[in-house]
Amino acid sequence: MDFELFKQIINECSEYGPRSFSLHLFGEPLLYPNIIEAIEYIKSKNRRNTVLLTTNGTLLNKFVKRILAVGTDRIIWSYRKNNFNSESLDALKKIGLIRLLIEETPKEEFEKWSKFPRVEIKHLHNYGGQIDTTKWGLENNKEMDRYPCYHLWLAPAIRWNGDITICCNDASGREVIGSYLLGNSLSNYWKSGVLTKMRQGHLKGEYKGLCTNCNVWKTYPDMFFSFQQKPNHVATPSSF
């Protein structure tokens with residue numbers, strides 16, 4: 001992402017109070033030439049802003065000192081065989097979360113990394129139905145098990161070129177709802193008729209477009225608690 005565009009986005013977001021920024025959309029954040037400056041800028045706009053990096057760890061040894069120095073709040077390391085130095089291991093123990101994917105992590109690695117303070121064990125998901133996870137023995141969606149996905153309410157995603165998409169699982173840009181160009185507002189897009197209609201659909205148990213075959217919702221808790229109690233699986237605005 002162009003760094004000036006990045007700063008425009010952070011400037012607007014800072015108008016709404018402290019926010020959490022996840023700098024890993026469809027890519028490896030430690031490959032971004034301005035990654036340290038980006039974290040510094042986020043922190044400079046509001047000291048209560050938090051920064052999350054999800055990384056495969058390949059470049060962690062190179063960046064770990066600077067990542068800690070600029071105040072990164074959380075590193076999620078998605079397991080990939082690496083030779084971490086002592087500083088990287090200490091950083092993972094201090095602010096890291098180890099993510100182990102059941103279908104991809106070698107069995108012997110589970111015991112090795114399970115000793116860390118924070119470990120997350122997850123199944124693969126299908127990125128909006130774009131990956132066939134049945135190859136790993138995972139079930140397809142069961143429509144009646146579904147509940148509204150939190151992404152539409154809490155997690156706007158902006159691609160490297162300024163395109164705004166409905167969530168961080170739209171890897172191919174199928175659900176782009178606008179472009180963050182000079183003078184445009186993320187807030188306007190977030191309150192747009194397109195997203196409002198999608199939210200209303202989720203509350204009615206209707207999942208269209210990228211959401212039709214997506215199973216990412218299963219990997220997050222249901223924030224619509226009363227929704228689970230309804231036999232017809234229809235949520236109401238009071239649910240949130």
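1. Because F3 and F6 are three residues apart in helix 1 (residues 3-13), about one helical turn separates them; helices here are DSSP runs of H or I with at least four residues, strands are runs of E with at least two, and both are numbered from the N terminus. Both F3 and F6 are buried, where buried means under 20% relative accessible area, exposed over 50% and partly exposed in between, with a 1.4 Å probe and protein chains only.

2. On provenance, this is a predicted model, in which local features need pLDDT of at least 70 and side-chain atom pairs count only at pLDDT 80 or more, while totals for chains, interfaces and linings use all residues. Residues are numbered from 1 along each chain as its sequence is written, and side-chain values use heavy atoms, with hydrogens and water left out.

3. The structure holds eight aromatic pairs. One of them is formed by F3 and F6, which are stacked at 5.7 Å centre to centre with 10 degrees between the planes; rings of Phe, Tyr and Trp (its six-membered ring) pair if their centres lie within 6.5 Å, and planes under 30 degrees apart count as stacked, over 60 as edge-to-face and the rest as tilted. Elsewhere, W77, Y79, F84, W113 and F116 are linked by ring pairs into a cluster.

4. Two charged side chains deserve a remark alongside the rings. K93 lies over the face of F116, at 5.8 Å from the ring centre, and R146 lies over the face of Y207, at 3.8 Å from the ring centre; the criterion is that NZ of Lys or CZ of Arg is within 6 Å of the ring centre and within 35 degrees of the ring normal.

5. An open sheet of five strands has the order 1-2-3-4-5 with parallel pairing, two strands being paired if DSSP finds at least two bridges between them. Strand 1 (20-22) and strand 5 (119-122) stand at the edges with a single partner strand each, so one side of each is left without a neighbour in the sheet. From one strand to the next the twist averages 20 degrees, with axes fitted to C-alpha atoms, for helices over the stretch in contact, and angles running from 0 to 180 degrees between N-to-C directions.

6. Strand 2 (residues 50-55) and strand 3 (residues 74-78) run parallel and are joined by four bridges, with T54 standing opposite I76 of strand 3. Strand 3 also pairs in the parallel sense with strand 4 (residues 96-101), again over four bridges, and G96 in strand 4 is the bridge partner of I75.
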